[in-house]
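Trainee: Could you show me how to read helices, strands and sheets in a model? I'd like to go through it step by step.

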Amino acid sequence: MHYPNGKKFEGKRDQAKSRLGPKTKKVQFGQRGMRLENMLNQSNQWYLNRGLAVIHKKPTPIQVVKVDYPKRARAKITEAYYRQASTTDYNGIYKGWYVDFEAKQSDRMQSFPLNNIKDHQVKHMAACSRAGGLSFVIFWFSKRQEAYLYPIEALLKDWRAYQDSERSSIPFQQIEDYAYPIALKYQPYLDYLPLIDQYIADYGKSH
């Protein structure tokens, strides 16, 4: 696969290692067992509090059908439905860039199943990238206690193979080759902003 400028798409494993140093060791404290959404929400709040980025989880659009009032000051939604298919999980602004990404968690050790990603989500991320934004997937492998930032450029290649019935999952080895390992810390739990900087630099992205 090549970019419009003729540059060939290559893996990022060696580049990430050389620039970011040795792979971060697994962390055995607070976030162990925590769900990916909670870790990202905590990280995004940490970034926001320090003026580094404004990134939030998108609310899921629902249509409320029925509401009960068990107490005068408290309403309880008892029936609702999704008004439309959701796009991606998170979006916001970082250093003037529009950032839009999906967050996916898996308990598999050797692969990530592609049926856990929806076609409209991939199309949305691709459209954001074409419009000049930054799009990617953050994978969390719960059994490995490892997180990765996986660029849309790599995902699109996987998605075409999935649609052509050539593969049903992304091998973990490939994620290691093409993704950026996210450092696990106390604060923030998932420190992914430095990886966005690396993604911008490696892919020659510019405003």
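Trainee: What follows helix 6?

Mentor: Glycine 204 follows helix 6, and its phi is positive, near 60°. Helices (H or I, at least four residues) and strands (E, at least two) are DSSP runs, numbered from the N terminus. This is a predicted model, where local features need pLDDT of at least 70 and side-chain atom pairs count only at pLDDT 80 or more, while totals for chains, interfaces and linings use all residues. Residues are numbered from 1 along each chain as its sequence is written, and side-chain values use heavy atoms, leaving out hydrogens and water.

Trainee: Is helix 6 largely enclosed or open?

Mentor: Start with the term: buried means under 20% relative accessible area, exposed over 50%, and partly exposed in between (1.4 Å probe, protein chains only). Helix 6 (residues 193-202) is largely enclosed by the rest of the structure, because seven of its ten residues are buried. Among them are Leu193, Ile196 and Tyr199.

Trainee: How do I read the sheet, and in which order do its strands lie?

Mentor: Look for pairs: two strands pair if DSSP finds at least two bridges between them. Here six strands form an open sheet in the order 1-4-5-7-8-10, with mixed pairing. Strand 1 and strand 10 (180-181) are the edge strands, each pairing on one side only. Strand 1 and strand 4 (residues 90-94) pair in the antiparallel sense, over four bridges. In that pairing, histidine 56 stands opposite asparagine 91 in strand 4.

Trainee: Which strands does helix 6 touch?

Mentor: A contact means heavy atoms within 4.5 Å. Helix 6 packs on the sheet and touches strand 1, strand 4, strand 5, strand 7, strand 8 (146-151) and strand 10. Its direction makes about 130° with that of strand 7; for such angles, axes are lines fitted to C-alpha atoms, for helices over the stretch in contact, and angles run from 0 to 180 degrees between N-to-C directions.

Trainee: What covers the two faces of a strand? Let's take strand 8.

Mentor: In a regular strand the side chains alternate between the two faces of the sheet. Both faces of strand 8 are covered: Glu146, Tyr148 and Tyr150 are buried on one side, and Ala147, Leu149 and Pro151 on the other.

Trainee: How many residues lie between strand 7 and strand 8?

Mentor: Four residues lie between them in a hairpin, and glutamine 145 in the turn has a positive phi of about 55°.
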